[in-house]
Amino acid sequence: MIAIIAAVAAETALLRQSLSPCEVRRCGARELFLGSLFDQKVALLHSGIGKINAASAVTALLETFKPEAVIVTGCAGAYPDSGLEVGDLVLASEEILADEGVLTPQGFIDFAALGFPLLEHGGPLMEQRFLADPQLLAEALPLIETAAIKAGARLATGPLVTVSTCSGTDQAARAMVQRTAGIGENMEGAAVAQICRLYEVPFLELRGISNRVENRNLERWDLPAGAKIAQRALMAYLKGCHPPQESA
Ligand SMILES: O=C(O)c1cccc(C(=O)CC[C@H]2O[C@@H](n3cnc4c(=O)[nH]cnc43)[C@H](O)[C@@H]2O)c1
C-alpha cells in the first residue's frame, strides 16, 4: 500500500475521483480513504495545515498501517531563483525543518548546532534534514519528468523547506534560501518526513507550485493550479511505478 498525505481535501479531489472503490474509514481523529489507483493500493489522508496536524495524521496512519511508502502532496511556494513558477512541479530531494532553532543577534542557530537532537531513533539525530527515499526518488523522477513535459510544466528537484511562519516578504524568502538552499516552501513536509524516519517508512514528496515566495500578494496565487498539477503528476507516477511488495 502507498499512503498519500495532503493538508486539505482540495489537494486530493482528482485523486479521490479516480480511487475505486473508495472506502472511508476512521484513522484516529480523521477520515482515511482506501482504494486502488492504477492497480496500486492507496490510503489517502488529509492532515490539516501545518506541522502539528501533519505529524499527528501520519503517526495515526503508521500506528494502524505499514505502507511501503508515504507520499506527501499538495501546494508549495517557489523561492526566488528556483526557476519555478505557478503551475510547475517540485520533487523534494530532502525536507528541512527550518523553524527549529534560535534566532540570535548573530543569526539563526539550528538544533544540530545547539546540540539538541530532534529525533532519538537508533541514536540521536543531530540534524534537521530528512532525505527523500533514494530508490523512490530515482523511480519517480523520470515518470514525473515525462508528466511535467506533457503538461507544459517545469520540474525541479531540490530541498523543500517546512515552516510555521510563512515567508511573506522578498527579504524573508531570500534569507531562507541563503540559510537552507531550499527551492520551495511548505508547512507539512518535514514533519511527515521526521515521523517516517521514526517508523522507518520510505518518504517522498511531490508538490505543485501555487505561488512565488515574495512580498505577499494573494492576487498572484493559484492554489487550484498547484493542486491540479501535483495530482496529475502523482497519478502519472502511480500509473508508471512498480507496485510495491506487500509486507508480511
Ligand atoms: O495568506 C498567506 O499569505 C499564506 C502564506 C503561506 C501559506 C498560505 C496557505 O494558505 C497555505 C496553503 C498550503 O499550501 C502550502 N503552501 C503553499 N504556498 C506556501 C508558501 O508560500 N509557504 C508555505 N506553505 C505554502 C502549505 O503547505 C499549506 O498546506 C497562505
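User: Why is Trp-221 called partly exposed?

Analyst: This is a predicted model, and the label comes from a neighbour count. Trp-221 has 16 C-beta neighbours inside 10 Å. A buried residue needs 20 or more, and an exposed one has 12 or fewer. The count of 16 falls in between, so Trp-221 is partly exposed.

User: Where does Trp-221 sit, and what does it touch?

Analyst: Trp-221 lies in the loop between β14 (203–212) and α7 (223–240). Apart from neighbours within four places in sequence, Trp-221 is in contact with Ser-210 and Asn-211. Contact here requires C-beta atoms within 7 Å.

User: How far is Trp-221 from Ala-173?

Analyst: Their C-alpha atoms are separated by 16 Å. Along the chain, the two residues are 48 residues apart.

User: What makes a residue such as Leu-89 part of the largest nonpolar core?

Analyst: A member must be a buried residue of a listed nonpolar type, Leu among them, joined to others through C-beta atoms within 7 Å. Leu-89 is one of the 72 residues in this core. With Ile-5, Val-70, Ile-144, Val-192 and Ala-233, Leu-89 touches the most other members. The largest share of the core, eight residues, comes from α7.

User: Which residues does Leu-89 touch?

Analyst: Not counting residues up to four places away in sequence, the contacts of Leu-89 include Ile-144, Ala-148, Leu-155, Leu-206, Ile-229 and Ala-233. Gly-208 is also among them.

User: How do you know that β6 and β12 pair, and in which sense?

Analyst: Pairing needs at least two bridges. Strand β6 (residues 89–97) and strand β12 (residues 155–162) have eight, so they pair, in the parallel sense. One of the bridges links Ile-96 to Val-161 in β12.

User: What makes β12 and β13 a pair?

Analyst: Three bridges join them, in the parallel sense. The cut-off is at least two, so they count as paired. Thr-162 has Asn-186 in β13 as its bridge partner. Between these strands the chain crosses through helix α5 (residues 170–180), and this β-α-β crossover is right-handed.

User: What surrounds the ligand?

Analyst: The shell holds 17 residues. The closest are Ala-7, Gly-77, Cys-166, Asn-186 and Met-187. β5 (69–78), β13 (184–186) and β14 each give two or more residues. β5 gives the most, with four.

How values were computed. Residues are numbered from 1 along each chain as its sequence is written. This is a predicted model: local features need pLDDT of at least 70, side-chain atom pairs count only at pLDDT 80 or more; totals for chains, interfaces and linings use all residues. Two residues are in contact if their C-beta atoms, placed from the backbone, lie within 7 Å. A residue is near a molecule or strand if its C-beta atom, placed from the backbone, lies within 6 Å of it. A crossover is right-handed if, with the strands pointing away from the viewer, the path from the first strand over the helix to the second runs clockwise.
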